[in-house]
Amino acid sequence: KWLKSGINLVGRIPIAIAIGVILAYADTSPELAVAAVMIGFALFRLFEGMGVPAYYDLVGLVVHPRLRARYFGWQQAATALGGLVAGLAARQVLGALPFPWNFAMTFSIGLALSIIVTIVFLQVREPAPLEATFSRERGSLAPPEGWWATIRSIWVADESFRRLVMARALIGIAGMAPAYYAVNAVRTLDASDADAASFGLVTLASQLVGTVVWGEVTARTGRPWFLVIGPTIGALGAAWATIAGTVVALYPTFMVAGAAFAAQLMCDMSIPIQLAERAGRPRGRYVAAYSTLIIPFSISAPIVGGLLAGSSGFVAVDLTAIVAYCIAAATGATLISQELNRSLESATPADRKAVRPPSATDQVLVARRSAMEVGIVAWKTRAPVMLPIASVCLRWRTQMTAFRASGSSVAIGAMTRARMTSFIWRASPRRSTTPTNTVAPITMNARAATT
């Protein structure tokens with residue numbers, strides 16, 4: 001926590017110097033002011049990158065693993081919303097004040113907000129790691145390895161890490177297409193500056209919604225499906241960009257690009273931490289190694305895309321991105337399949353038996369037990385109005401289960417039971433103040449639902 005906060009404050013010093021240079025030399029020496037801004041932001045991003053491992057290590061300590069996907073989703077949604085508000089506010093400030101005071105005021109407001117955020121960040125209580133975890137991490141670092149030796153050891157030892165890096169590198173290569181969607185619209189479709197601004201707003205809004213959706217999907221399924229769905233819809237967006245003939249027809253491409261970029265952010269934030277914890281290594285080193293390996297692809301992709309667009313046109317850029325997106329989706333699918341097989345191999349015999357397709361008799365029995373439990377909960381919570389509805393719904397489910405024995409699973413019984421119980425509980429006008437003690441849970445097939 002203190003490391004991240006200190007790096008944040010030190011990284012703001014170049015911005016403060018750039019503000020002073022703008023006020024002093026913007027009118028007399030604009031080249032010096034531009035150089036100061038470029039150098040200031042370069043140093044600012046350098047310090048931001050230095051603080052990334054410390055931040056994700058703190059997230060690993062504070063946020064429970066089952067809540068991280070949802071946390072990252074809402075975090076990025078809040079970031080996108082804050083960026084939208086900040087953009088509108090910056091536009092007002094830039095238009096209200098004369099040059100160079102408008103730029104100096106904009107940077108100063110950002111600097112002040114950064115200091116306030118750092119103060120708030122210091123209020124996070126950082127728990128001390130368990131002695132066993134601390135000893136294991138220290139043991140994994142003894143004797144101390146060099147930086148490149150650490151990256152090499154992680155790359156060789158962790159196959160999931162290799163697949164993740166390859167998928168993310170391909171997504172970075174495919175990023176050459178979204179970088180030129182707006183440029184292509186301006187040059188070939190005669191899009192105006194207002195259209196370009198609208199493209200940015202659509203992309204930002206799609207990213208805001210996409211981060212929440214990816215976080216919820218991952219939290220509910222326990223699988224990083226954004227590694228497959230994100231590149232897939234990215235490929236569809238690039239394909240649509242090649243055939244869109246009007247500015248209006250190009251808007252779905254920017255919507256898809258925002259959702260695909262949200263999936264990319266979720267990949268960068270959530271998976272390296274999980275792989276580090278499973279390998280028993282420090283989270284910061286995994287995150288740093290991951291970032292070191294993928295950043296060259298993300299940086300070089302727009303440059304290569306610009307050269308390719310200049311020599312062969314924007315269609316060639318889109319086609320290259322489609323191929324990269326498809327290979328990335330396939331690589332992500334192999335990673336998910338590998339993790340699923342690993343979880344099944346590490347499961348107990350009872351777990352393996354629980355996930356096998358049950359017989360028709362077992363499914364009907366589960367449906368009837370679901371009906372019994374929902375009825376008991378409704379009666380205990382004094383919701384007699386909901387009893388007929390629950391009876392009709394669960395009777396229909398019992399009959400359907402008998403006819404769909406080959407396509408259902410035991411886990412459906414547990415999920416339906418939990419959802420209907422929650423529905424009746426919320427609908428009851430005179431519910432008890434101690435819901436957890438109203439009825440003893442039926443634990444049949446709970447292991448299957450968890451698996």
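Reply: In this predicted model, the protein has 18 helices and zero strands. Of its 451 residues, 39% are buried. Among contacts with a separation of 6 or more, 80% are between residues 24 or more positions apart. The protein exposes about 24,600 Å², and carbon and sulfur atoms supply 68% of that area.

In soluble globular proteins, nonpolar side chains tend to be buried together. The largest nonpolar core here has 32 residues, and F161, L164 and F226 have the most contacts inside it. Seven helices each supply at least two of its residues: helix 2 (30–62), helix 3 (65–96), helix 6 (147–157), helix 7 (159–174), helix 10 (226–243), helix 11 (251–279) and helix 12 (283–312). Helix 11 gives the largest share, ten residues.

Leaving aside residues up to four places away in sequence, F226 touches W214, T218, P231, A263, M266, C267, S270 and I271. A second, separate core has 24 residues, including A241, A309, F314 and A324.

C267, one of the residues touched by F226, is buried, with a relative accessible area of 1%. C326, by contrast, is partly exposed, at 43%. A disulfide is a covalent bond between the sulfur atoms of two cysteines. With sulfur atoms within 2.5 Å as the criterion, the protein has zero disulfides.

Most residues other than glycine have a negative phi, and most peptide bonds are trans. The bond joining F99 and P100 is a cis peptide bond, with omega at about 5°. P100 is found in the loop between helix 3 and helix 4 (101–121). D190 is not a glycine, yet its phi is positive, at about 60°. D190 is found in the loop between helix 8 (181–188) and helix 9 (193–221). D190 is exposed, with a relative accessible area of 67%, whereas C267 is buried.

Technical notes. Residues numbered from 1 in each chain as written. Predicted model: local features only at pLDDT ≥ 70, side-chain atom pairs only at ≥ 80, totals over all residues. Heavy atoms only, no water. Helix = DSSP H or I, 4+ residues; strand = E, 2+ residues; numbered from the N terminus. Buried < 20%, exposed > 50% of the residue type's maximum accessible area, 1.4 Å probe, protein only. Contact = heavy atoms within 4.5 Å. Areas by Shrake-Rupley, 256 points an atom, 1.4 Å probe, with all protein chains shown as cover. Core = buried A, V, L, I, M, F, W, Y, C linked by side-chain atoms within 4.5 Å.
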